[in-house]
Amino acid sequence: MEAEMMDLARTAGAAVVTLMATDAWERTREGVVALWRRVSPARAESVDGELEAARDDLLLARANGDELAERELREEWAGRLRRLLRDRPDVAAELRGILADLDPERQAQTATTQMRAEASGSGRVYQAGRDQHITER
């Protein structure tokens, strides 16, 4: 297996495990399961269950400060993805796409917010894209 595929598997395994403990977990799980559903439909449901079990293990490991368990999970998922890429190198582009869609920096660059407000008379408008603290006296 070429080095590029090995790197992709390692990166994807680390990303999947890291995202297990974030708000992006559901989208991550759906993307990985959809990939397996396309290339190996018979395994998709078991992969879904294995992802959920791995997430439980990760959350417990983080709660207990068990960095070794987290590293093992990353290696385990890197291995699964490496074997998938070995058997089906044609899914590399799809796996890269899943990772790109989940990249928080890319999402921040593509996110746009539009706000519009109107006030009349002595009305006031307060708008914020994030936190806003207003103290009036």
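Trainee: How many cavities of 30 Å³ or more does a search of the whole structure find?
Mentor: It finds 1. This is a predicted model, where local features need pLDDT of at least 70, side-chain atom pairs count only at pLDDT 80 or more, and totals for chains, interfaces and linings use all residues. Residues are numbered from 1 along each chain as its sequence is written, and side-chain values use heavy atoms, with hydrogens and water left out.

Trainee: What counts as a cavity, and what's a pocket?
Mentor: On a 1 Å grid over the protein atoms alone, a cavity is a set of points where a 1.4 Å probe fits but cannot get out, while a pocket is an open set with protein on both sides within 12 Å along at least five of seven lines. Lining residues have an atom within 4 Å of a point.

Trainee: What volume does the largest cavity have?
Mentor: About 40 Å³, a volume being the space filled by probe spheres set on the points, with grid points joined across faces, edges and corners.

Trainee: Which residues line the largest cavity?
Mentor: A15, V16, L19, T28, V32, L95, I98, L99 and L102. α5 gives the largest share, 4 residues. Helices here are DSSP runs (H or I, at least four residues), numbered from the N terminus.

Trainee: And by class, what does that cavity lining have?
Mentor: 8 nonpolar, 1 polar and no charged residues. Ala, Val, Leu, Ile, Met, Phe, Trp, Tyr, Cys and Pro count as nonpolar, Asp, Glu, Lys and Arg as charged, and the others, Gly among them, as polar.

Trainee: OK, switching to the largest pocket: how much space lies in there?
Mentor: About 160 Å³. Its lining is W36, V39, S40, R43, R80, R83, L84, D87 and R88. Two or more of those residues come from each of α2 (25-39) and α4 (67-87). By class, the pocket lining has 5 charged, 3 nonpolar and 1 polar.

Trainee: Last topic: at what angle do the axes of α1 and α4 cross?
Mentor: Roughly 135°, and the axes come within 7 Å. Axes are lines fitted to C-alpha atoms, for helices over the stretch in contact, with angles from 0 to 180 degrees between N-to-C directions.

Trainee: Why is α1 called oblique to α4?
Mentor: With the axes crossing at roughly 135°, α1 is oblique to α4, because angles under 35 degrees count as roughly parallel, over 145 as roughly antiparallel, 65 to 115 as roughly perpendicular and the rest as oblique.
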